[in-house]
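I opened this notebook to look up salt bridges. The entries below follow the order in which I checked them.

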Amino acid sequence: MVNYILLYKIRRIVKKILKDKIADDEIATTPKSCIGCLADDISWEVYYLFKEKEDKAGGPQHDG
């Protein structure tokens with residue numbers, strides 16, 4: 001099942017990151033552009049969203 005709320009949050013964050021990178025001329029259009037940096041920024045934001053969701057759900061159960 002698709003979690004549309006999480007999908008919307010991810011989309012909103014990605015859109016903001018892209019707008020910021022475009023405004024700063026940092027998105028594959030100039031010599032200073034860095035696709036890897038953009039991917040890192042997006043990856044970290046998605047990671048934090050999943051981490052936040054996991055923390056709200058009580059986190060994973062670990063034996064030990």
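**Salt bridges, pair by pair**

I began with E52 and K56, whose side chains meet in a salt bridge at 3.5 Å, N to O. The model I am reading is predicted. I looked up where the two residues sit: both lie in helix α2, four residues apart, about one turn of the helix. I then checked accessibility. E52 is partly exposed, with a relative accessible area of 35%. K56 counts as exposed, because its relative accessibility is 65% and the cut-off for exposed is over 50%.

Next I asked how many salt bridges the structure holds. I found three.

I turned to K16 and D20, and noted a salt bridge between their side chains at 2.8 Å, N to O. These residues are four apart in helix α1, which covers residues 4-23, so about one helical turn separates K16 from D20. For D20 I wrote down a relative accessible area of 37%, which makes D20 partly exposed.

My last pair was D41 and K21, with a salt bridge between the side chains at 3.0 Å, N to O. Which helices does this pair tie together? D41 lies in helix α2 (residues 35-56) and K21 in helix α1, so the pair links parts that are 20 residues apart in sequence.

How values were computed. Residues are numbered from 1 along each chain as its sequence is written. This is a predicted model: local features need pLDDT of at least 70, side-chain atom pairs count only at pLDDT 80 or more; totals for chains, interfaces and linings use all residues. Side-chain values use heavy atoms; hydrogens and water are left out. A salt bridge is a side-chain nitrogen of Lys or Arg within 4 Å of a carboxyl oxygen of Asp or Glu. Buried means under 20% relative accessible area, exposed over 50%, partly exposed in between (1.4 Å probe, protein chains only).
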